[in-house]
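User: Could you take me through this model, starting with how the helices pack?

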Amino acid sequence: LPGARSAVPGAATMEAPTAYGDVTSYNNFYEFGTDKADPALRAQKLQTRPWTVVVDGLVKKPGRWDLDTLLKLAPMEERIYRLRCVEGWSMVIPWVGYSLVELIRRVEPLGSARYVQFETLADARQMPGLRSNIIPWPYVEGLRLDEAMHPLALLAFGLYGELLPPQNGAPLRLVVPWKYGFKSAKSLVAIRFVEQPPRSAWQRTAPQEYGFYANVNPTVDHPRWSQATERRIGEGLFAKRRPTLMFNGYEPQVGQLYAGLDLKKNY
Amino acid sequence: MSAPNQLLASPAAKPIVFVLALLPAAWLVWGAVANTLGANPAEALIRATGDWTLRFLCLTLAVTPLRQATGWHALARLRRLLGLFTFFYGVVHFLCFAWLDMGLDVGAIVQDIAKRPFILVGTAALLTMLPLAATSFNAAIKALGGRRWQLLHRAVYATAGLALLHFFWMRSGKHDYAEVAVYAAILGVLLGWRVWRRLRPAPRPALP
């Protein structure tokens, strides 16, 4: 899945990408288990074709989009993003996809649409993690409409020039690089335009720990750990943790979205 | 003497158990050198050493119930060894955290202990083992006197409770308590056995 260099400001960090093997063997995808080795072990049989995504809610053109249409919707771009997990580790990943706004424009949101809700596949036959009820399935995430329309918000179909491996959220996922990784919902089956802020799966599970915004912010700690630093995966056993950057280093691009917002309250 | 008891009583038993108890550590050192611990070797080492501390704690606490249930009294010879390995893995666990996660920055370690209850409880669990490890040699038993020594070494039950709480809080981040439940069940049985032995009516002395 080739992608052209992206012209979007901030879309290609100069930092060294994390090794493909690390990107594809260490991540959270609770539908396949809570251990970060589980997705790579247990997601391989995920059926990603045929695949359709329902796009509905407050839009002029609701409908079902099949994967092949989505793959051809807009030119594919390579986006080399930092990814910061809320747990305190980070990677640099070369994704392939296009700005989510490309899809949003085509469905023409109504004036009343203020938020976008994303829903992950929840198929107990394919996803053994669904047997435990750690999270109210299906996994739901949400963005404000203006966040979703920011050019850095990516609808990703691939990484490292290949189609997404199942464990990384095949066949298509969201990537919002300035927010903690859990905001970037994987294996999307529904995108819904709504008036009220969607309650995310993590807000339902632990509202005092996971807020709606979940912007990467070194000055606002998780209730149970500091967010000031992060471990960059692949730097070796004795590498020092790096300081975490405001909005994961995307402040110049996205800072204005949050002008006047109390980021401590809106964590 | 039963066959298992004879094996346990043999002079080779302790060295064999010693070597076996070192295998997990050797395996982890090898994994770190050969880079086979996955994408986040620091996390893998911290977690694995914590797991092994809990496992050795269970083994240590299993010695007495197992001895009483089976009559393999030679098991008692292994109790100190296993207890000291619990302490060893606990210390390595703490060092891994202090070094690999905190970069041996004392200020950051102190802050983290204060910030995260599960780190605080884990540190407390380690500290409860300190006096036990320090009084594990024969001269200390003699100096303290058997009764007082035994009283002091009941602190291991506090270690067990704190270690379990540490693990529970650590896993509460993912709301995943399956493994915690396994350790809780094992420790529950091992401690429950002791309570039950204490509370049951004393056996009548045999009539002459």
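**Helix packing and overall form**

Analyst: Helix 4 of chain B and helix 6 of chain B make a left-handed crossing (the near helix is turned anticlockwise from the far one by less than a right angle; clockwise would be right-handed). Helices here are DSSP runs of H or I of at least four residues, and strands are runs of E of at least two, numbered from the N terminus. This is a predicted model, where local features need pLDDT of at least 70, side-chain atom pairs count only at pLDDT 80 or more, and totals for chains, interfaces and linings use all residues. Residues are numbered from 1 along each chain as its sequence is written, and chains are lettered from A and ligands numbered from 1 in the order in which they are written.

User: At what angle do the axes of helix 4 and helix 6 of chain B cross?

Analyst: They cross at roughly 140° and come within 10 Å (axes are lines fitted to C-alpha atoms over the stretch in contact, with angles from 0 to 180 degrees between N-to-C directions). The two helices are therefore oblique to each other (under 35 degrees is roughly parallel, over 145 roughly antiparallel, 65 to 115 roughly perpendicular, and the rest oblique).

User: Which residues of helix 4 and helix 6 of chain B meet?

Analyst: Among them are B:Phe87, B:Gly90 and B:Phe94 in helix 4, and B:Met129 and B:Leu132 in helix 6 (contact requires C-beta atoms, placed from the backbone, within 7 Å). The residues of this contact comprise seven nonpolar, three polar and no charged (Ala, Val, Leu, Ile, Met, Phe, Trp, Tyr, Cys and Pro are nonpolar, Asp, Glu, Lys and Arg charged, and the others, Gly among them, polar).

User: And how do helix 6 and helix 9 of chain B cross?

Analyst: The axes of helix 6 (residues 117-134) and helix 9 (residues 155-172) of chain B come within 8 Å and cross at roughly 160°. That makes helix 6 of chain B roughly antiparallel to helix 9 of chain B. The contact includes B:Phe118 and B:Met129 of helix 6 and B:Leu162 and B:Trp169 of helix 9. Its residues divide into 16 nonpolar, four polar and no charged.

User: Switching to chain A, how many helices and strands does it have?

Analyst: Chain A has seven helices and 13 strands. Its radius of gyration is 17 Å, close to the 18 Å from the globule rule for 267 residues, so chain A is as compact as a globular protein of that length (the radius is taken over C-alpha atoms, and the rule is 2.2 Å times the number of residues to the power 0.38).

User: How many residues does each chain give to the contact?

Analyst: Chain A gives 17 residues and chain B gives 14. The chain A side has seven nonpolar, five polar and five charged residues.

Technical notes:
Contact = placed C-beta atoms within 7 Å.
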